[in-house]
Amino acid sequence: MGVGAFLLVLLFVLFPAVQGMGVATSRAMCVGAVLAIPAMFVYLTVPRLLDRYDPEPWYALVMALLWGAVASCGLSALINSLVGEVIGGEVGNVVSLVISAPVVE
């Protein structure tokens, strides 16, 4: 999980700062993260409701949440970015968004 967290910070904090993408890019990423928070509560509630008689321990749900929020996001962002860069141009963006992202994520 540490590698995914490192990749997440690298791709979404350090690279935009080094490339001078500015405040607008950081603000857009923060808005996207804040808008994802209500979905987090839904996704944490559904397993608890479906598994009432033999619930998973809370720490297992927290680890699954952290894996999905940190580790898998960092790894999928790296793979999707690499696919877009290898193919290049507008076609690379389309392939990264339409083909690579659904398969990897």
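**Pocket**

I checked who lines the largest pocket, and helix 3 gives the most, with 18 residues. Ground rules before I go on: this is a predicted model, so I note that local features need pLDDT of at least 70 and side-chain atom pairs pLDDT 80 or more, while totals for chains, interfaces and linings use all residues. Residues are numbered from 1 along each chain as its sequence is written, and side-chain values use heavy atoms, with hydrogens and water left out.

For "pocket" I use a 1 Å grid over the protein atoms alone: an open set of points where a 1.4 Å probe fits, with protein on both sides within 12 Å along at least five of seven lines, and lining residues have an atom within 4 Å of a point. The largest one holds about 1300 Å³ of space, the volume being what probe spheres set on the points fill, with points joined across faces, edges and corners.

I find 39 residues in its lining, and Leu8, Phe12, Met29, Cys73 and Ala77 lie nearest the centre. Helix 1 (2-18), helix 2 (22-50), helix 3 (58-87) and helix 4 (89-104) each put in at least two residues; helices here are DSSP runs of H or I, at least four residues, numbered from the N terminus. Sorted by class, the lining has 26 nonpolar, 11 polar and 2 charged residues. In that sorting Ala, Val, Leu, Ile, Met, Phe, Trp, Tyr, Cys and Pro are nonpolar, Asp, Glu, Lys and Arg are charged, and the others, Gly among them, are polar.

**Cysteines**

How many disulfides does a search of the whole structure find? I get 0, with a disulfide taken as two cysteine sulfurs within 2.5 Å. Cys30 is exposed at 51% relative accessible area, whereas Cys73 is partly exposed at 32% (buried is under 20%, exposed over 50%, partly exposed in between; 1.4 Å probe, protein chains only).

**Rings**

My whole-structure search turns up 1 aromatic pair. Trp58 and Tyr59 have ring centres 6.2 Å apart and planes at 85°, so I log the pair as edge-to-face. The rule: centres of Phe, Tyr or Trp (six-membered) rings within 6.5 Å, planes under 30 degrees apart stacked, over 60 edge-to-face, the rest tilted. Trp58 is exposed, at 63%.

**Ser81**

I place Ser81 in helix 3, partly exposed at 37%. Its C-alpha is 11 Å from that of Val104, 23 residues away in sequence.
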